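Good morning, and thank you for joining this group meeting. Please look at the sequence and the structure on the screen, and I shall then take you through them.

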Amino acid sequence: MDWNLIGIWVAAFLTLSIYSVLYRDNPFYRFAEHLFVGVSVGYGIVLSIYQGLVPFALKPLWETVTTGAPEGFIKLIPICIGLLFFARLSPRHTWLIRYPIAILIGFGSGIAIPNVLRANIFEQTRGTIAPFAEIAAGTLSGWGIFEAILMVVGVICTLTYFFFSVEHRGPVKWLSKVGIAFLMIGFGSAFGNTVMGRVALLIQRVDFLLGDWLNIIS
Amino acid sequence: MKRQVPLVLCFVFGIAMIFTQFSPHSFSQGIYEEVISWALIIGPFALVLATVTLIQTHTARIRRRTEHWQYSFVVFAGLIVMVLIGMFFKPQNPMFVWLYNNVQLPMDATMFSLLAFFIASAAYRAFRARTFEASLLLITALIVMMGNVPIGNLLSNDTASEARQWILDNPNLSARRGIILGVSLGVISQSIRIILGIERSYLGGGD
Amino acid sequence: MPNIDRRIVFILVALAVIIPMLLSINLPVSVSEPTQNFYDYVEALPAGSTIMIAFDYGPSSLAELNPMAKALLKQCFDRDIRVIAITLVVDAPTLASALIQQVAAEKGAVDGEDYVFLGFRPGAVQVILGMGTDIASVYDTDYNGTAISEIPMMQNITNYDQIDLLVDFASSDTVESWIIYANVQYNQQIAAGVTGVIIAQMFPYLQTGQLVGLLSGILGAAEYENLVGAPAKGMQWINVESFVHLLIVVLVIIGNITYFIYRTREE
Amino acid sequence: MIKTTQWIAVCLVLGLSVGTAFSQGLSPPSNVTAVDTPNDDGSSITITWDAAAEESGISGYQILRRIAGGELEAIGELLPAEKTTYADSAIEKGTTYAYIVRAVSETEATVDSEQTAPVKGTGEWFHTGKIPLFITMLLFSAAIVWNIYSARSGKELFVRRIPGLEAVDEAIGRATEMGRSILYSTGLGGVSGVATIASMTILGQVARRTADYETSLRVPCRDPIVLNVVREMVKTAYLEEGRPDAYNEDDIFFLTESQFAYAAGVEGMMLREKPAAIFLQGTFYAESLILAETGNSVGAIQIAGTDSEHQLPFFIAACDYTLIGEELYAASAYLSREPMLLGSLRGQDWGKILIFAAVVLGVVLELSGISWITTLLQRVS
């Protein structure tokens with residue numbers, strides 16, 4: 001049996017089942033949709049066990065048990081805390097999952113504060129000012145100067161739009177109006193690029209159907 | 001035990017991570033490495049548990065016979081087959097790979113390509129230049145779309161791709177930067193509230 | 001206002017894809033600056049350098065990211081740049097592993113010497129940070145289970161200090177995580193290839209140098225194939241893409257014209 | 001044994017090279033200092049020396065070090081002539097080292113500098129390069145906490161007008177006039193999502209109005225837990241308005257978990273019931289487009305709001321009003337008057353003022369050639 005060929009036919013059938021929803025909701029689509037959920041979750045479980053639990057928890061556990069190395073026992077603490085996630089399965093002990101969640105959230109928040117501050121606030125503020133050093137040094141042309149000013153105006157106005165403690169009246173109103181214009185251009189760019197992305201997905205599927213399945217194109 | 005200990009844990013781990021970011025001493029860096037290894041170990045358990053929720057939902061659907069409940073069996077069939085093959089033969093097994101390549105992959109790839117159709121129909125029926133803002137958005141979108149493809153450049157003598165690049169590099173950049181700054185302030189403020197125990201929603205309901 | 005059945009629009013879209021694909025049209029593709037910078041950065045690396053590639057996307061984005069990943073791998077193997085591949089996304093390993101093997105077979109690259117695929121580890125941020133101190137603390141083995149200490153090309157590599165460029169092929173916010181944690185914390189140089197949805201939000205990071213280059217969706221793939229001199233699916237698809245974009249632009253314009261006509265008539 | 005041979009070899013080379021160096025007039029590196037590298041974990045020592053004059057004949061430098069009372073050993077490779085600093089990171093913590101910088105000429109002649117004072121590598125507890133970061137973090141934290149506490153102590157915190165919210169009354173009024181229903185979707189998010197919580201707060205407000213006007217309010221849910229919370233909230237709203245009789249539990253119902261099926265379900269409702277007003281508030285993914293398009297085609301007033309950045313463009317293009325990202329949070333803070341939300345909102349605004357100030361000041365200073373703001377913001381590792 002040529003498993004490759006069977007695979008292509010299965011894939012083509014499932015692809016067309018999903019496209020059938022464009023005509024209207026129907027059993028083929030619902031079958032494919034549910035099969036997809038099941039299969040992808042199953043894949044996720046297998047991978048998170050083999051590439052997550054095994055190397056991070058089971059292997060160190062096994063090594064600790066077999067070798068009895070004292071430093072291995074320290075690893076047992078996080079493993080036990082991780083196991084508390086399964087308290088979810090017993091309604092009376094559900095609250096125990098707060099322990100591992102609290103640790104992960106505390107870790108995530110703590111590491112985020114200084115790094116987000118540096119990467120997204122310090123660096124982005126610096127990037128906004130930086131072109132003016134070039135202006136002062138005289139290395140930026142007329143058009144470049146315009147773009148540098150445009151950037152500062154854009155950043156300040158956009159931030160003003162998201163400023164909630166002051167009524168948008170007078171000059172603030174105008175700043176926020178300019179801000180919304182910048183925002184719309186930003187969203188418009190995202191819109192155009194998103195269209196490109198979604199269409200590419202469709203092209204790939206058609207390429208599969210016409211090429212791999214029907215062999216009409218090379 | 002139920003609320004105080006998690007709050008303390010969250011505070012301790014949060015402050016420890018902040019401390020290690022400012023202290024290069026080998027003692028602090030030792031803590032840093034240890035906490036990361038803890039987080040690495042605890043993380044995967046959450047991932048495995050997330051699937052339990054899905055199983056519960058679908059068993060509930062079958063039990064309550066909600067509309068289209070029969071399809072929940074399809075979910076279970078797919079899940080069980082993948083898990084059995086994967087667990088017994090490891091993810092590198094050809095049969096597991098075959099299922100991924102010919103069942104999961106085509107459906108996942110197809111699902112979002114549906115949006116190409118919906119975008120086209122919304123383009124005709126819904127995307128209206130009803131206000132100044134919406135007009136600006138649509139005009140930008142049209143320029144970027146034409147700048148993204150070779151035919152746009154052919155028709156406009158490369159103006160489209162130059163305009164696209166300028167828009168992305170300038171007004172788009174400012175707007176995005178404004179958003180990044182705003183959102184980051186939000187993220188930091190939320191992190192501060194979490195560490196200090198002001199924000200407790202992650203504990204969920206109950207006592 | 002005339003409300004046509006949207007299934008008519010659906011058929012138009014299908015035709016706009018199928019017909020150009022059958023005709024296989026070839027229009028020239030120019031190269032944008034972020035793509036050029038990406039290419040130049042890789043070209044400037046001496047032979048024997050190491051690039052880490054994060055395949056942070058699942059099957060739903062393979063159409064946009066596989067072509068550019070292939071083009072980059074070709075360039076690396078041609079130039080004797082070693083590749084360490086990983087993924088932070090759970091549904092990616094099978095896909096990434098197949099892609100690397102395919103290009104490696106084509107270029108005669110050897111597993112363990114020219115490239116290594118380490119697979120998936122859960123916990124994005126932890127994984128990024130963990131590799132900063134020691135890659136082996138996160139990946140004790142590669143995807144096939146070979147111990148890291150027994151892989152020839154990993155002998156002199158402990159952490160980001162020995163990695164000359166990190167490339168993130170991403171369909172979600174992983175690029176931001178790489179920037180926030182690997183770039184800021186460990187000074188790792190980063191370049192990205194992303195799906196259409198997130199292209200626009202990458203630009204502030206390009207200007208500050210937090211990203212050294214950017215490949216934008218299928219267009220970026222076509223441009224890169226062009227630069228590497230290996231035209232493939234990216235070039236082919238961006239041409240088909242042309243006609244669908246044209247159709248959508250026309251639909252928006254017609255839709256708005258009829259809307260304005262009806263609105264003025266109502267008034 | 002090997003050590004001794006090495007020692008002899010070094011001595012020999014040293015002796016010979018000193019001789020040749022003098023004959024060529026190679027001058028030794030001057031001002032050589034060795035200090036503990038600042039802001040590290042104590043694993044390195046930094047050696048610096050003055051750059052040699054041009055045409056000094058120096059082609060490179062070799063660093064040598066000596067453990068107190070021990071032998072001289074060469075460290076690292078030959079450094080290029082333009083280098084004036086070297087970080088020795090191959091040291092034992094707590095051990096004292098002294099260094100010599102040896103200048104090497106093209107003809108391999110060498111001359112040694114004087115030996116530096118002995119130093120030890122020590123780890124620092126605080127990274128001085130991160131002081132600006134640390135201060136900013138403290139200031140911002142203080143701003144957040146201060147504002148939350150002043151909101152809690154009952155101080156009125158102002159929130160600006162939000163255009164999308166003002167349209168709520170108009171939309172409900174229109175639905176009442178036309179005798180049609182209102183459709184409210186809380187999106188696909190779970191009950192703990194910030195956007196979903198904000199959406200439910202706004203829904204509570206909408207429910208008060210519909211209770212007054214006796215307009216039917218239909219809420220299809222995707223998450224069973226969200227369903228329960230929403231029912232509770234709407235019921236309370238009707239009670240507080242004194243209209244418990246008008247509350248119909250069946251109007252708030254569970255549709256389906258699956259993404260596109262949910263979209264199809266809501267779409268079907270729109271086409272059958274032709275609601276006069278549609279609210280799409282919360283977390284949305286790719287289905288946003290389908291919902292907004294259909295709502296638009298049935299002629300409803302649509303008010304959208306989401307923090308899902310990727311869906312915003314489609315909402316803006318297809319809906320009448322859209323709450324953009326933070327505006328959604330602000331709207332919920334405004335309606336709920338929850339001190340934590342109001343205080344954070346105000347604190348974040350203070351953060352924005354700080355950014356404004358930094359940008360404006362930075363631009364002015366840069367233009368006058370002073371770059372200390374950019375230096376403060378510079379990345380340190």
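How many residues of chain A are in contact with residues of chain B, and how many of chain B with chain A? The contact involves 96 residues of chain A and 100 residues of chain B. Please bear in mind throughout that this is a predicted model.

Let us stay with chain A for a moment. Its side facing chain B draws two or more residues from each of these elements of chain A: helix H1 (3-19), helix H2 (27-67), helix H3 (70-83), helix H4 (98-137), helix H5 (142-161) and helix H6 (170-213). Which of them gives the largest share? That is H2(A), with 24 residues. In terms of residue class, the side of chain A that touches chain B has 65 nonpolar, 24 polar and 7 charged residues.

Chain A also has a domain assignment, with domain 1 covering 1-68 and domain 2 covering 141-213. Between the C-alpha centres of domain 1 of chain A and domain 2 of chain A there are 36 Å.

I now turn to chain C. In this chain we find 11 helices and 6 strands. The C-alpha trace of chain C spans about 75 × 40 × 30 Å along its principal axes. Chain C has 267 residues, and 60% of them count as buried. If we take the contacts in chain C with a separation of 6 or more, 72% of them join residues 24 or more positions apart.

Chain C touches chain A as well: 42 residues of chain C are in contact with 40 residues of chain A. Among the elements of chain C that give two or more residues to this side are helix H1 (6-23), helix H3 (62-78), strand S3 (115-120) and helix H11 (233-266). This side of chain C is made up of 25 nonpolar, 11 polar and 6 charged residues.

Finally, we come to chain D and its sheet. In what order do the strands lie in this open sheet of 6 strands? The order in chain D is S11-S10-S9-S12-S13-S14, and the pairing is parallel. At the edges are strand S11 (252-254) and strand S14 (321-324) of chain D, each of which pairs on one side only. From one strand to the next, the twist averages 15 degrees.

Within this sheet, I would draw your attention to strand S9 (residues 182-187) of chain D. Why is S9(D) described as largely enclosed by the rest of the structure? The reason is that 6 of its 6 residues are buried.

S9(D) has two pairings to follow.

The path from S9(D) through helix H4 (residues 194-213) of chain D to S10(D) forms a right-handed β-α-β unit. S10(D) in turn pairs with S11(D) in the parallel sense, over 3 bridges, and the bridge partner of Val219(D) in S11(D) is Ile252(D). Helix H6 (residues 259-273) of chain D packs on the sheet and touches S9 and S10 of chain D. The direction of this helix makes about 160 degrees with that of S10(D).

Thank you for your attention.

Notes:
Residues are numbered from 1 along each chain as its sequence is written. Chains are lettered from A and ligands numbered from 1 in the order in which they are written. This is a predicted model: local features need pLDDT of at least 70, side-chain atom pairs count only at pLDDT 80 or more; totals for chains, interfaces and linings use all residues. Two residues are in contact if their C-beta atoms, placed from the backbone, lie within 7 Å. Helices (H or I, at least four residues) and strands (E, at least two) are DSSP runs, numbered from the N terminus. Ala, Val, Leu, Ile, Met, Phe, Trp, Tyr, Cys and Pro count as nonpolar, Asp, Glu, Lys and Arg as charged, and the others, Gly among them, as polar. A residue is buried if 20 or more other C-beta atoms lie within 10 Å of its own, exposed if 12 or fewer, and partly exposed in between; C-beta atoms are placed from the backbone. A crossover is right-handed if, with the strands pointing away from the viewer, the path from the first strand over the helix to the second runs clockwise. Two strands pair if DSSP finds at least two bridges between them. Axes are lines fitted to C-alpha atoms, for helices over the stretch in contact, and angles run from 0 to 180 degrees between N-to-C directions. Domain bounds come from an automatic or database domain assignment.
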